[in-house]
Amino acid sequence: MQQKHLTLTTHQAPSTTYHVIMAALRIPPSPPLVSWLGGHLNRFRTNRLDFFAEAARTYGDMVKLRLGHRRVYLASHPDLIEEVLVTQNHNFIKHFALRLNPPVLGKGLLTSEGDFWLRQRRLVQPAFNRGRITRYGPAMVAAAEQVIAAWRPGERRDIMVEMMRLTLVIAAKTLFDAEVGGGAQDVVEALNVLQEEFLRSFNRLVPTPMWIPTPANLRQRRAIRRLDEILYGFIRSRREQNVDKGDLLSLLLHARDEDDGSRMTDRQVRDEAMTLFLAGHETTALALSWTWHLLAQHPLVEEKLVAEWAAILGGRTPTVDDWPKLRFTEQVILESMRLYPPAYVIGREALADCTIGGYHVPRKTTVLMSQWAVQRDPRFFEEAEAFRPERWTEAFQKSLPKFAYFPFGGGPRLCVGNLFAMMEMALVLPTIGQRFRFALEPGRPVTPLATFTLRPKPGIPGLIVRRDPASGAPPGERRGVSPP
Ligand code: HEM
């Protein structure tokens, strides 16, 4: 089942003359164009998840696409992905989509390149080391308790909305030592405007330049102004107070370059804070939301999870010391992010002509790598469409090709917040799950919608059911009557 070596042929369709000729020319095969002008853009816009998966299954590990005027390759084999993200990472920069809206993220970690990125990464990385992030554990648990304090058994709630609120409270507290309500709420509203506009420009054939005063651009500019007011406000008052509050903002303000001892300017701190806020809050909320959704559909997995919590925590709230012991909880999170990766595709643009997996990649080609397609590939995951957390044994993880599973990306640009997110999820799930469970609303199907991230559509509407922490069972079920 496991395959470590690269195959450049398709893995379902047999090799055709077309494939053979294209391979000899070192050009990846391509699905038929949908239109002359847009190329494959229409398929990409309407259902990019199926499009990625079908293109990979039908045309192979490297597929050539055209999205409007952009030449795009889709790489769907772990070895090819490793070449792009690790071995040949110096030949690539982040792809065009991340440059669509420079005023939002500025020169933060997600979007910057070269020496500037490296210096910033060195400054920010220590804030995310294991020793440092464990300090945020209590804030994460407190935030989960704060959110569920408002829940009543029998109530209808949308779990995605709840998880967004929760990770927002956590981001505001850990990043700015701020409570949600004032500034942080405005940040979210402004970010929502920016995300909508970002998606629109991502889907358009030719994005409208920011300097043209279209209604959409004016909305974006207003949102950016509001974000800047808030973030610069946080930075100014923190510089004036000159105290280390132990949050990420303090770390950014005090971080010093090891080589020349320099610190970040206000503009850099603003860009990094905005990036961390944007990159960390929604992705984690989505991973948690999809996990609740899967648990609601798989009662046996949920039962096993609740048994782990009962054995290790016995009804008390978790602490960071419990984190390594919550093994099955981690397996559930890994499996949930395999099936529903919040970042479902990442991309790079070639700086110069290069060769990936034997294929010629011309300069300026965008190489896309889809977690959605690769992490559901039956070559690497038995019963790939099934939710089976038990598969994540240590032996399985060791045997898995490195880039068959990459929810946090990889190589030098690996997600800086990956441990932070894994800890946040491992602490939040039992804090909530020992007290409540979610029952899905029948007849309200939830489907994955690929926006900038992988969102559940139309959210995840459900019913809150109380769980008895001691037994793990919902009280109604223990007494043999239906839960509310
Ligand atoms: C489940 C949650 C998360 C997922 C799935 C996720 C996913 C990713 C992925 C795939 C990348 C690589 C992008 C690329 O290579 O183009 C990335 C980068 C990044 N993530 Fe995350 N992320 C998560 C949580 C977080 C958190 C909590 C933070 C911060 C608090 C964060 C901050 C960042 C930053 C700053 C980068 C850019 C790193 C660099 O290029 O040096 N992420 N993330």
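Visitor: In this predicted model, how many bridges join strand E5 (residues 346-350) to E8?

Guide: Strand E5 and strand E8 run antiparallel, and within this pairing Ile 346 stands opposite Met 369 in E8. The number of bridges joining E5 to E8 is four.

Visitor: Which residue in E8 stands opposite Tyr 73?

Guide: On its pairing with E2, strand E8 runs in the parallel sense, over three bridges, whereas its pairing with E5 is antiparallel. The residue of E8 that stands opposite Tyr 73 is Val 367.

Visitor: Are the residues on the two faces of strand E8 (residues 366-369) buried or exposed?

Guide: In a regular strand, side chains alternate between the two faces of the sheet. In E8, Thr 366 and Leu 368 lie on one side, while Val 367 and Met 369 lie on the other. Both faces of the strand are covered, and these four residues are all buried.

Visitor: Which strands stand at the edges of the sheet, with a single partner strand each?

Guide: The open sheet consists of five strands in the order E1-E2-E8-E5-E3, and its pairing is mixed. One side of each edge strand is left without a neighbour in the sheet, because each has a single partner strand, and these edge strands are E1 (62-67) and E3 (92-94).

Visitor: What is the bridge partner of Leu 65 in E2?

Guide: Strand E1 is joined to strand E2 (residues 70-75) by six bridges, and the two strands run antiparallel. Within E2, the bridge partner of Leu 65 is Val 72.

Visitor: Of the 122 residues in the largest nonpolar core, which touch the most other members?

Guide: Among the residues that Ala 75 touches, not counting those up to four places away in sequence, are Met 62, Leu 80, Ile 81, Val 84, Val 367 and Met 369. Two residues touch the most other members of the 122-residue core, namely Leu 74 and Ala 75.

Visitor: Where does the largest share of this core, 15 residues, come from?

Guide: The core in question is the largest nonpolar one, with 122 residues. Its largest share, 15 residues, comes from helix H13.

Visitor: Where does the largest share of the shell around the ligand, seven residues, come from?

Guide: The ligand is surrounded by 23 residues, of which the closest are Gly 280, Thr 283, Gly 409, Cys 415 and Gly 417. By type, the shell divides into 14 nonpolar, six polar and three charged residues. Helix H13 (266-297) and helix H18 (418-433) each supply at least two residues of this shell, and the largest share, seven residues, comes from H13.

Note on methods. Residues are numbered from 1 along each chain as its sequence is written. This is a predicted model: local features need pLDDT of at least 70, side-chain atom pairs count only at pLDDT 80 or more; totals for chains, interfaces and linings use all residues. A residue is near a molecule or strand if its C-beta atom, placed from the backbone, lies within 6 Å of it. Ala, Val, Leu, Ile, Met, Phe, Trp, Tyr, Cys and Pro count as nonpolar, Asp, Glu, Lys and Arg as charged, and the others, Gly among them, as polar. Two strands pair if DSSP finds at least two bridges between them. A residue is buried if 20 or more other C-beta atoms lie within 10 Å of its own, exposed if 12 or fewer, and partly exposed in between; C-beta atoms are placed from the backbone. A nonpolar core is a set of buried Ala, Val, Leu, Ile, Met, Phe, Trp, Tyr and Cys residues joined through C-beta atoms within 7 Å. Two residues are in contact if their C-beta atoms, placed from the backbone, lie within 7 Å.
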